[in-house]
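Reader: I would like to go through this model feature by feature. Please give the general idea each time, then the case at hand.

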Amino acid sequence: MSDDPTHVREFFGARAAGWDSRFPDDGPAYAAAVEELDLRPGDAVLDAGCGTGRALPPLRAAVGPTGTVLGVDLTPEMLEEAVKAGRGGRNDVSGRAGHEGTATLLLADVGRLPVRDGALDAVFGAGLVSHLADPVADLRELARVVRPGGRLALFHPIGRAALAARHGRRITPDDLRAEPRLRPVLAEAGWRLVSYVDEDTRYLATAVREA
């Protein structure tokens with residue numbers, strides 16, 4: 001279910017301090033999902049809705065010291081936790097990570113990114129889709145900042161059924177993360193879905209930016 005930005009900020013802000021401790025074993029799943037982006041040294045990649053930055057270290061490892069890693073999130077408290085964990089520096093829009101951490105962190109809405117057209121090679125989004133206020137428009141904004149042929153990975157460390165069970169719910173046909181719904185939404189936004197996995201241990205949909 002989509003959420004307005006205020007709701008998202010309040011929800012995650014109240015939970016930021018203990019977020020990593022709630023899911024301490026997710027690191028390998030994030031690293032495996034990052035590998036699916038096929039990043040190369042020197043690439044520029046965005047972690048959209050980066051939260052506490054668990055994907056940022058493997059993203060940095062993939063693009064190397066000459067690459068650019070940006071982490072964008074709506075919630076100041078989440079970015080503060082990323083800084084405390086040594087995963088990035090706040091409000092440096094230069095694209096340099098340097099001594100400040102593995103990534104440049106920006107407080108911004110993924111629907112209005114302070115990034116020029118076609119500047120990036122890939123986007124990684126963990127737990128992102130269900131919190132987009134306007135999925136087509138927001139995914140189109142992600143497409144805007146990625147070069148033609150660039151890649152998108154939409155990830156969650158557990159699948160839809162397992163996540164619903166964790167929250168005492170059932171999955172429904174109108175779930176945006178379901179393949180029959182996600183494929184046309186991505187297409188309308190300028191992406192072509194190329195792979196889709198929804199298992200108990202992983203949810204991962206990858207797409208390519210159309211020309």
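Reader: Which residues does L46 touch, not counting residues up to four places away in sequence?

Author: This is a predicted model, where local features need pLDDT of at least 70, side-chain atom pairs count only at pLDDT 80 or more, and totals for chains, interfaces and linings use all residues. Residues are numbered from 1 along each chain as its sequence is written, and side-chain values use heavy atoms, with hydrogens and water left out. Contact means heavy atoms within 4.5 Å. On that basis L46 touches L70, V72, L113, L120, A122, V123, F124 and L142.

Reader: How many residues are in the largest nonpolar core?

Author: In soluble globular proteins, nonpolar side chains tend to be buried together. A nonpolar core is a set of buried Ala, Val, Leu, Ile, Met, Phe, Trp, Tyr and Cys residues joined through side-chain atoms within 4.5 Å. Buried means under 20% relative accessible area, exposed over 50%, and partly exposed in between (1.4 Å probe, protein chains only). Here the largest core has 33 residues, of which L46, L139, L142, L152, L186 and W191 touch the most other members. Elements that each supply at least two residues of this core include β1 (44–48), α6 and α8. The largest share, four residues, comes from α6. Helices (H or I, at least four residues) and strands (E, at least two) are DSSP runs, numbered from the N terminus.

Reader: At what angle do α6 and α8 pack?

Author: Axes are lines fitted to C-alpha atoms, for helices over the stretch in contact, and angles run from 0 to 180 degrees between N-to-C directions. Helix α6 (residues 135–144) and helix α8 (residues 179–188) pack at about 55°, with axes 8 Å apart. That makes α6 oblique to α8; angles under 35 degrees count as roughly parallel, over 145 as roughly antiparallel, 65 to 115 as roughly perpendicular and the rest as oblique. From α6, P135, V136, L139 and R140 meet V185, L186 and E188 of α8.

Reader: Is G67 buried or exposed?

Author: G67 counts as buried, because its relative accessibility is 6%. It is found in the loop between α4 (56–63) and β2. Beyond its neighbours within four places in sequence, G67 is in contact with G42, D43 and R60.
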